[in-house]
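Student: I have just opened this entry and would like to go through it step by step. Could we begin with the strands?

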Amino acid sequence: ISEKVNVSSRYGYLGYSSGSAGAATVTGAGSKWTNDSHLYIGNSGSGTLTIEAGGEVSNSSGFLGYSSGSMGVGKVTGVGSKWNNRGDLNVGRSGNGTLIIETGGEVSNSSGYLGYSSGSTGVAKVTGVGSKWTNLGELYVGRSGNGMLTIEAGGEVSSGTINTFSSYIGSGLNSTGKVTVTGAGSKWTNSGNLYVGISSGNGELTIDDGGLVSVRKALLIGSPYSA
């Protein structure tokens, strides 16, 4: 989708069937892909979505790596480039998902999940000044699967911005979650509680080189309580 071209659809699929591969690039200010309902990047196959140079994509819930064995990659790059999920964003729902937000790109959603189901893997990197991932609800890094979040070089992540929802790093049996916040200006802002390892999950939080993590309520490490 090139400069100042608008495409609308009810549902969006990139890599619908097992063995298939689909890719889409939305580029340039004024270029938009609008989905009335969900967007699947790697439904059962492999999918890649690139939003760049001021392009915009919107949908209800978004999925990167929806089914077991699938792979989905989403890249949002450049000032003015936006991916707006009115519902949740799942990076690795049952498959493998990767989210990259860089050089001023922005992603927003209700709740965010990295590694939603057992056996899934979700990886996210937010890098560069002006790059933002806004989670209005909860953020899970390793809900029941494996999750990894890196915030670096001035990137910003916020979670629980509505109703002070909590965030979780490794929140379920055999899940693993790792978060690294590194570099001056890099920050993760939590409006609720932050749980690092809960319900027999394995959580790891690293803050270094001037990174900042703020928690409005409580920071709980190794909590026995269910998420």
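Tutor: Strand β20 (residues 167-169) and β23 pair in the parallel sense over three bridges. Strands here are DSSP runs marked E of at least two residues, numbered from the N terminus, and two of them pair if DSSP finds at least two bridges between them. This is a predicted model, in which local features need pLDDT of at least 70 and side-chain atom pairs count only at pLDDT 80 or more, while totals for chains, interfaces and linings use all residues. Residues are numbered from 1 along each chain as its sequence is written, and side-chain values use heavy atoms, with hydrogens and water left out.

Student: Which residue in β23 stands opposite Ile169?

Tutor: Ile169 faces Val196. Tyr168 has Tyr195 of β23 as its bridge partner.

Student: How many bridges join β23 and β26?

Tutor: Four bridges join β23 to strand β26 (residues 219-223), again in the parallel sense.

Student: Is β23 (residues 194-198) mostly covered or mostly open?

Tutor: β23 is mostly covered, with five of its five residues buried. Buried means under 20% relative accessible area, exposed means over 50%, and partly exposed lies in between (1.4 Å probe, protein chains only).

Student: In what order do the strands of the open sheet run?

Tutor: The open sheet has nine strands, in the order β2-β5-β8-β11-β14-β17-β20-β23-β26, with parallel pairing. β2 (12-14) and β26 stand at the edges with a single partner strand each, so one side of each has no neighbour in the sheet. From one strand to the next the twist averages 10 degrees, taken between axes that are lines fitted to C-alpha atoms, with angles from 0 to 180 degrees between N-to-C directions.

Student: How many helices and strands does the chain have?

Tutor: The chain has zero helices and 26 strands.

Student: New topic: how many salt bridges does a search of the whole structure find?

Tutor: The search finds one salt bridge, meaning a side-chain nitrogen of Lys or Arg within 4 Å of a carboxyl oxygen of Asp or Glu. Lys75 and Glu102 form this contact between side chains, at 3.5 Å from N to O. Lys75 belongs to strand β9 (residues 71-77) and Glu102 to strand β12 (residues 96-102), so the pair links distant parts of the chain, 27 residues apart.

Student: Why does Lys75 count as partly exposed?

Tutor: Lys75 counts as partly exposed because its relative accessibility is 32%.

Student: Now the loops. Where does Gly87 lie, and is Gly87 buried or exposed?

Tutor: Gly87 sits in the loop between β10 (82-85) and β11 (89-91). Gly87 counts as buried because its relative accessibility is 12%. Leaving aside residues up to four places away in sequence, Gly87 touches Asn59, Ser60, Ser61, Asn109 and Ser110; contact means heavy atoms within 4.5 Å.

Student: And Gly210: is that residue buried or exposed?

Tutor: Gly210 counts as exposed, at 53% relative accessibility. Gly210 is placed in the loop between β24 (202-208) and β25 (212-215). Beyond residues up to four places away in sequence, Gly210 touches Gly183, Ala184 and Gly185.

Student: Lastly, what share of the 227 residues is buried?

Tutor: Buried residues make up 52% of them. The C-alpha trace spans about 50 × 35 × 30 Å along its principal axes.
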